[in-house]
Amino acid sequence: MEWTKEQRYRTLNDVSEEEIQGLAKLVSQCPWRQSFHIQAETGLLNDPNGFSYFNGEYHLFYQWFPLGPVHGLKHWYHTKSKDLVHWENVGMGIKPSNEFDSHGAYSGSGIEHDGKLYFMYTGNTRDEDWNRHPYQCLAVMTRDGSIVKMDAPVIGEVPSGYTDHFRDPKVWKNGDFFYAVIGAQRENETGSVVLYQSRDLKDWKFMGEVKTGLGEEFGYMWECPDYFEIEGQGVFLFSPQGLKAVGDSYQNIYQSGYVIGSLIDLENMELKHGAFHELDRGFDFYAPQTTVDHQGRRILVGWMGLPEVDYPTDRNGWAHCLTLPRELTVKEGKLIQQPVDELKLLRGKKVETSQRVENEAICLDNFEGEVYELLAEFSDSNTEEFGLELRVGENEKTVIKYDAVAKKVVFDRSRSGESFAEEFGTVRKCTLDADKISFRVFVDVSSVEVFVNDGEEVFTGRIFPGKNSNGISVFARGGHTNVKAVKWEIK
Ligand code: FRU
């Protein structure tokens with residue numbers, strides 16, 4: 001079904017309770033609803049927003065179009081948690097409601113100030129000719145959880161030299177000042193990021209474009225920028241659109257990644273850094289956002305989905321979920337991403353095994369499951385390739401393996417169940433030179449997140465297998481390997 005503009009931009013006031021109930025019923029009949037990931041009750045979820053630790057709880061919002069699996073009038077939906085694992089649906093966070101966000105409360109960030117949580121976000125508007133006019137807006141949450149929007153935007157104009165693709169403010173504090181990075185498109189249609197400064201989060205001064213080493217042309221738009229400092233280094237994370245696939249890189253429609261180097265030079269607005277790294281080497285990952293919590297941990301959550309791609313759940317009136325939260329650290333000039341420790345709270349019944357595998361695939365007895373965490377450690381390998389087959393059924397399997405000849409980790413979803421997005425390929429790979437390989441995998445009803453070698457690389461992908469495709473196998477081809485595997489049910 002094609003959605004008209006009118007259908008995409010209806011406000012919730014124009015929608016009857018029966019319509020919402022009808023949609024909720026359709027969603028609940030979907031065989032691929034997730035069990036331990038954040039997902040919307042109806043409609044489409046995209047970017048994580050306003051991720052913060054405030055008043056003893058984690059607050060995490062997401063971009064939400066409630067009325068169907070398409071991009072339309074975006075709201076902020078509010079969830080919160082004490083442990084980053086069990087999330088409570090709080091309700092609507094920010095609703096588009098006035099002339100400054102009439103066509104969507106777009107992405108933005110949260111920061112604590114004066115005992116309140118401030119959200120800076122992009123108000124998306126369109127005029128009669130459907131031209132975009134973005135505003136950067138502010139909303140304030142008090143300790144009782146109520147959120148009030150400020151009447152006027154805090155940045156009402158796009159700085160000169162940039163197009164109306166100007167959005168997604170991410171705020172941080174340095175000394176007496178707040179800073180915001182905002183994704184911007186130059187008039188020559190190349191991507192960039194600009195910097196603003198403020199003392200009070202209300203009055204913002206345009207500082208200029210941030211100089212990076214990425215050159216004048218690195219995609220046509222940078223969405224969802226984020227800057228943070230970790231272990232004495234500066235990290236600039238963003239989602240560039242328009243990079244061409246090269247080798248195993250940039251295979252998805254859009255990318256998300258980072259550069260890391262010295263701390264940002266705020267006076268000269270300059271970042272000195274190394275190469276751009278993709279954050280996730282799988283299929284479904286975009287627009288991540290980080291926060292720092294009360295323990296000083298830097299935590300990242302991404303959107304487990306991509307724009308402009310159809311998913312099988314669309315038929316049931318919903319699309320996408322968020323990734324599990326990952327803790328970031330630095331090793332040898334690269335970010336390491338580990339599932340936050342609290343995810344161990346989900347570990348239920350455990351089974352384990354050790355196997356020597358030689359030119360065979362061994363189906364692990366007692367290991368089957370639809371939803372679980374699995375840790376598989378391979379050692380003493382003398383083989384061309386080895387790995388795991390998950391969600392195995394009669395004609396289905398999802399393969400995660402190490403190609404020891406090419407020295408690549410491979411995620412193959414070509415037989416994972418109902419196919420989708422095949423125009424972007426069904427296999428993802430990345431180079432990893434290591435003697436020992438471990439895969440820590442979180443499998444939900446319709447997703448797989450693989451943390452390779454304690455978070456050196458991560459592969460995330462949605463899969464849509466049949467309910468009975470529950471087998472788990474280990475295999476080796478062209479030699480032998482030893483594997484130690486532990487599986488936990490999710491409780
Ligand atoms: C990224 C993005 C952001 C924008 C939001 C709208 O996925 O396009 O740039 O603020 O989604 O939902």
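**The ligand and its pocket**

Mentor: Let's start with the make-up of the shell around the ligand: its residues split into 5 charged, 3 polar and 3 nonpolar. Bear in mind that this is a predicted model. By name, the residues surrounding the ligand are N46, D47, Q63, K74, Y106, S107, R167, D168, E223, Y286 and W303. Three strands, β1 (43-54), β5 (105-113) and β9 (162-174), each put at least two residues into that shell.

Now for some distances you can check on screen. Pick the side chain of D47, and you'll find a polar atom 2.8 Å from a ligand oxygen. R167 also has a polar side-chain atom 2.8 Å from an oxygen atom of the ligand. For N46, the distance from a polar side-chain atom to an oxygen of the ligand is 3.0 Å. As for burial, the ligand taken alone exposes 320 Å², and the protein buries 92% of that.

Zoom out a bit, and the space the ligand takes turns out to be the largest pocket. Its volume is about 960 Å³. There are 38 residues lining this largest pocket, and R8, H71, K74, P307 and E308 are the closest to its centre. K74 is also one of the residues around the ligand. Sorted by class, the lining of the largest pocket comes to 18 nonpolar, 12 charged and 8 polar residues. On the strand side, β1, β5 and β9 turn up again, together with β13 (221-230), each giving at least two residues to this lining.

Then there's the second largest pocket, which holds about 340 Å³ of space. It is lined by 19 residues, and the closest to its centre are I111, V171, W172, V292 and R298. The elements giving two or more residues to this lining are β1, β5, β9, β13 and β17 (286-292). Of these, β9 gives the most, with 5 residues.

Definitions and conventions:
Residues are numbered from 1 along each chain as its sequence is written. This is a predicted model: local features need pLDDT of at least 70, side-chain atom pairs count only at pLDDT 80 or more; totals for chains, interfaces and linings use all residues. Side-chain values use heavy atoms; hydrogens and water are left out. A residue is near a molecule or strand if one of its heavy atoms lies within 4 Å of it. A polar contact is a pair of N or O atoms within 3.5 Å; within protein, one must be able to donate a hydrogen and the other to accept it, and residues adjacent in sequence count only if both atoms are side-chain atoms. Accessible areas come from the Shrake-Rupley method with a 1.4 Å probe; for residues, only the protein chains shown count as cover. On a 1 Å grid over the protein atoms alone, a cavity is a set of points where a 1.4 Å probe fits but cannot get out, and a pocket is an open set with protein on both sides within 12 Å along at least five of seven lines; lining residues have an atom within 4 Å of a point. A molecule sits in a cavity or pocket if more than half of its atoms lie within 2 Å of its grid points. Helices (H or I, at least four residues) and strands (E, at least two) are DSSP runs, numbered from the N terminus. Ala, Val, Leu, Ile, Met, Phe, Trp, Tyr, Cys and Pro count as nonpolar, Asp, Glu, Lys and Arg as charged, and the others, Gly among them, as polar. Grid points are joined across faces, edges and corners, and a volume is the space filled by probe spheres set on the points.
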